[in-house]
Amino acid sequence: MRLIAFYEGVYLPSHEIQDNSNLQFRVKIKRFSEWLERDAELSDFNVETLNQYMAHRLSMVAPATVNTERCALVSLWNYAGDVGLCQYPQARRLMKVDLRKLPVRGYTFSDLTSLLAVANALTGRFRNRTIERSLFWRAYILTAYDTGLQCGELLLLRAADVTETAIRITKPKRVIEAPISHSAAMAIAELKCDPSGLVFGFLSRRSFFEAYEQLREAAGVEGTSKFIRRASCSAIESVSPGRGRVHAKHSQRTSFDNHLRDDRLVAEQPPMLPPRF
């Protein structure tokens, strides 16, 4: 039985779930299915598979995020056991997520230089596209570092909304404007995108992350594209305390400190600002 069918037909009618929680359950089932590269089924509820999935997620996102995903999947597994659709989980054998706060890490100047060097040396084009891989990654890295924006936001950027000094991204509830350097503007221009088209978002999120993983491994650095955002915001914070949060478009100081501020980079002198990069 497909996991999503079990959730919609068995679990959901038996539980009082708010709209936001309902959405979160669906997102977690979708992520699990994407990792399996097929629709998740109740038969996938076994210790080995879930431990491998959680280890994979821990390599990409914060432990607290993985723990919420673990709790959701185990809740579904427990209820499937209650109604006799599968065996109960062997809780003692399931991986425990260490929730101790780990230090926030972003890319150093050396890391970013390595990423750009590998990007500049890439050959080939993206499948069914005319855009060169080297130009794409150079434009993305420079734009991400200049703006400190999230990957999902940059994937919404349209070519018509790029000027020589700034970019403009329209989201359902707000419009984001962020300055960019001359180098980033020139790199985007070299892509020669259709004015009505997306600059980076012609790749699906999954294809983007897979391609970025290959780039990162070739450069010999750790982390995800979020490490570029952390480097950018920490550099701003080192120059002007309190401005890193504004640069990141974060409303809460605690959230910025817990997720984006790399104390090593904040303390670095001279700071790693775009003109130096």
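Buried means under 20% relative accessible area, exposed over 50%, and partly exposed in between, using a 1.4 Å probe and protein chains only. These legends describe a predicted model, in which local features need pLDDT of at least 70 and side-chain atom pairs count only at pLDDT 80 or more, while totals for chains, interfaces and linings use all residues. Residues are numbered from 1 along each chain as its sequence is written, and side-chain values use heavy atoms, with hydrogens and water left out.

**View 1. Asn-258 in helix H12.** Let us start with a single residue. Asn-258 sits in helix H12, residues 253–259; helices (H or I, at least four residues) and strands (E, at least two) are DSSP runs numbered from the N terminus. With a relative accessible area of 35%, Asn-258 is partly exposed. Leaving out residues up to four places away in sequence, Asn-258 touches Lys-101 and Val-104, where contact means heavy atoms within 4.5 Å. Val-66 is 192 residues from Asn-258 in sequence, and their C-alpha atoms are 16 Å apart.

**View 2. The whole protein chain, for orientation.** The protein chain has 13 helices and two strands. Its C-alpha atoms fill a box of roughly 60 × 45 × 35 Å along the principal axes. Of the 277 residues in the protein chain, 42% are buried. Among contacts with a separation of 6 or more, 63% join residues 24 or more positions apart.

View 3. A nonpolar core is a set of buried Ala, Val, Leu, Ile, Met, Phe, Trp, Tyr and Cys residues joined through side-chain atoms within 4.5 Å. The largest one here has 48 residues, and Phe-136, Trp-137 and Phe-200 have the most contacts inside it. At least two residues of this core come from each of helices H5 (109–121), H6 (133–147), H7 (151–154), H8 (182–191), H9 (205–219) and H10 (226–239), and also from each of strands S1 (166–170) and S2 (175–179). Helix H6 gives the largest share, eight residues. Phe-136 itself touches Phe-126, Ile-131, Leu-191, Val-199, Phe-200, Phe-202, Leu-203 and Phe-208, with residues up to four places away in sequence not counted. There is also a second, separate core of 25 residues, which includes Leu-3, Val-47, Leu-50 and Val-74. As background, nonpolar side chains tend to be buried together in soluble globular proteins.

**View 4. Helix H2 crossing helix H4.** The axes of H2 (residues 19–36) and H4 (residues 63–82) come within 10 Å and cross at roughly 95°. That angle makes H2 roughly perpendicular to H4, a label for angles of 65 to 115 degrees; under 35 counts as roughly parallel, over 145 as roughly antiparallel and the rest as oblique. The axes are lines fitted to C-alpha atoms, for helices over the stretch in contact, with angles running from 0 to 180 degrees between N-to-C directions. On the H2 side, look for Phe-25, Lys-28, Ile-29, Arg-31 and Phe-32; on the H4 side, for Thr-68, Glu-69, Ala-72, Leu-73 and Leu-76. By class, this contact has six nonpolar, one polar and three charged residues. Here Ala, Val, Leu, Ile, Met, Phe, Trp, Tyr, Cys and Pro count as nonpolar, Asp, Glu, Lys and Arg as charged, and the others, Gly among them, as polar.

View 5. The structure holds 19 salt bridges, each a side-chain nitrogen of Lys or Arg within 4 Å of a carboxyl oxygen of Asp or Glu. Arg-2 meets Asp-39 in one of them, at 3.4 Å from N to O. This pair links the segment before helix H1 (3–11) to the loop between H2 and helix H3 (47–58), 37 residues apart. Arg-2 is partly exposed at 41% relative accessibility, and Asp-39 is partly exposed at 44%. Glu-37 pairs with Arg-206, their closest N and O atoms being 3.0 Å apart. Because Glu-37 lies in the loop between H2 and H3 and Arg-206 in helix H9, this bridge ties together parts 169 residues apart in sequence. Glu-37 is exposed at 59%, whereas Arg-206 is partly exposed at 38%. Asp-44 and Arg-38 form a further salt bridge, 2.7 Å from N to O; Asp-44 is buried at 6% and Arg-38 partly exposed at 42%. Elsewhere, salt bridges with shared partners join Glu-237, Arg-253, Asp-257, Arg-261 and Asp-263 into one network.

**View 6. Ser-232 in helix H10.** Ser-232 belongs to helix H10 and is buried, with a relative accessible area of 2%. Apart from neighbours within four places in sequence, Ser-232 is in contact with Ala-144, Tyr-145, Asp-146, Thr-147, Gly-148 and His-247.
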